Amino acid sequence: MNLSLHYPILLIVILFAGAYLTPLLGLWNKKICFPIAVLSTLISAVLSVVLLFSVLENNIVSYYVGGWEPPYGIELTIDPLSSFLSLVVAVIGFLAVVFSKNYVGHEISEKKQPAYYSLLQLIIGGMQGALMTGDLFNLFVMTEIFSISGYALVAITQKKGSLLASFRYLLLASIGTTFILFSTGFIYMLTGSLNMEDISNLLPLIDNPWVMYSGLVLLIIGFAIKSALFPLHTWLPDAHSIAPSPVSVLLSALVIKIGAYSIIRVVYTVFGERLSDGFGLIGVPLSWMASMAILVGSLYAIFQTDIKRMLAFSSIAHIGYILLGVSLASTLSLTGGIFHMLNHALGKACLFFCAGAIIYRTGIRNIADFAGLSSKMPITMAAFAIAASSLMGVPPASGFMSKFYLGLGAYQENWIFLAVILIGSLLSGIYFFKVLAIAYFSPIKEPDSKIRGPELPFSMLMPIVILAIASLAFGVLEDLPVTLIEQAVRLLLSN
Amino acid sequence: MIELLPPNLPYFASIALLLIGLYAMITKRNLIKKIMGLNIFSTSVLLFLIAMGYREGGAPPIEVEGVTHYVNPLPHALVLTGIVVALALTSFALILIINIYKEHKTLDSEKLTKL
């Protein structure tokens, strides 16, 4: 048996296997949970690198689960877009697990740590599954897997307000998943198939476009709730700010991206052939909602006093940039949108890690108390500044490049969208510079000598430094991701 | 319009249930009633899926000689998965509600927002 043929399914199964083994072995020894989680996420990260190279060579890698051929069996389809995002999920997921090693004792009691590591692997596995699958119903199942583990991870600390935040998240997001199931049934009724490629071949045969559009609109609403697109964002600020920091990283940097990815997948791959004549019908409201998300998210972020809440509102704005790029549907804007997925994932993960490190070291959450942090935690604040400048779109950092592509694409369509992108960047400058100004230039009220020793343990410093360097490096070496993204976009728009 | 109703009754019923569930989730103040609304909401979709697979006079989908008219088995597989997912969701939500009650001593969502 040639194992290399089974890499796609192995990548997902190894995470789920880890998720089941962790609580079982945790009964015997709680110390073993962390190594299992590191091992399974590391193996899946290595596998996703291997898959990326094989996708670069062959363009699309297909895997038939259990050997049943589509349209009857479940198919895993890995094209450049899903392979690229799978690598991002694998790397940031691995870093989040590593970061948890020292951080977890800070917020979660030892009794719950096996459950915590198990849920971490489950949420990463669910996201990988949603990225790889080529089957509409399987996409729903994977979405539910990472959503339910997300609700549990928000509530796991049981600190004040976390239960309610988790409940609100559950209530709204399960409306979204139910819509997804409903429209999956709708599309199955129309075409008699659940395989995405099969559906895209069958849809042009449907006479009545309105039936098809209603299915698509339901699907988009479902995934828009998952990705917290304005005005469906109300669950996000509470859930993302109250979760333990490594979980905030996963939710804010990755989970909402999977919603955006699913919208891309549905609009371009499943409905691509049918929509070339009428994408405007859905694209126009989507692009205006995305523009509103940019402005509203940035405005709210300015007025936050809690650092993690500010970062959560900034995520609402950035999902707006991504979906603006997706909904404008030109080569440039789609390239910018997908590139911004990478940059926001790197930048926001780094910022939430920094916020977690600051809470771990000093216990400060309020931005006004940040005075003197630059001398207490120089490396963390430097990484914070780099990641923040990437999200603002300051030239050497990678966020500039993606906003540049987005701006070019937006200008072709309508100058208002370009104005929205520029205003959004200015507003993000206001809220990030507020934090940096207090941390670097505000006078220190009282010299605090209580905290001594190294700045942070290695397991917390490493993810922060890696992500900060990456968000600088992809700005200089932007060819690396852009070549891959352009290959992905060409494939998406060729339908 | 009205002559469309009898053959499509399950679909109309599922849409009615969907709206009832959504209404309960939005307007009810008690958290447990919100979860009941969520259950009605997700069950309506299951009804929709089952109605889709039904064929008038169809045999069970097991191959028997001489029978050519079967019901569609695939929606049943989807519904089974959907039931499992809804079960997991409901049990988790109820555990959350128990803990919320322990913490706040109320299940009234409007009182909870003020906290």
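Helices (H or I, at least four residues) and strands (E, at least two) are DSSP runs, numbered from the N terminus. The structure described here is a predicted model, in which local features need pLDDT of at least 70, side-chain atom pairs count only at pLDDT 80 or more, and totals for chains, interfaces and linings use all residues. Residues are numbered from 1 along each chain as its sequence is written, while chains are lettered from A and ligands numbered from 1 in the order in which they are written.

The table sets out two helices; the expected span of a helix is 1.5 Å times one less than its number of residues.

| Helix | Residues | Length | First to last C-alpha | Expected span |
|---|---|---|---|---|
| α2(A) | 33-58 | 26 residues | 37 Å | 38 Å |
| α14(A) | 331-362 | 32 residues | 46 Å | 46 Å |

Just after α2(A), A:N59 takes a positive phi of about 75 degrees.

A residue is buried if 20 or more other C-beta atoms lie within 10 Å of its own, exposed if 12 or fewer, and partly exposed in between, with C-beta atoms placed from the backbone. Helix α14(A) is mostly covered, with 27 of its 32 residues buried. The buried residues of α2(A) include A:C33, A:F34, A:S40 and A:V55. Among the elements that cover the buried residues of α2(A) are α1 (7-28), β1 (61-64) and α3 (80-107) of chain A.

**The nonpolar core**

A nonpolar core is a set of buried Ala, Val, Leu, Ile, Met, Phe, Trp, Tyr and Cys residues joined through C-beta atoms within 7 Å. The largest such core has 206 residues, and those with the most contacts inside it are A:I92 and A:C350. Two residues are in contact if their C-beta atoms, placed from the backbone, lie within 7 Å. Leaving aside residues up to four places away in sequence, A:C350 touches A:A383, A:A387, A:I464, A:L467, A:A468 and A:S471.

Chain B contains four helices and zero strands. The radius of gyration of chain B, taken over C-alpha atoms, is 19 Å, well over the 13 Å that the globule rule (2.2 Å times the number of residues to the power 0.38) gives for 115 residues, so chain B is more spread out than a compact globule. Of these 115 residues, 23% count as buried.

The contact between the chains takes 20 residues from chain A and 23 residues from chain B. On the side of chain A that touches chain B, α5 (136-155) and α6 (162-191) each supply at least two residues. Helix α6(A) gives the most to that side, with twelve residues.
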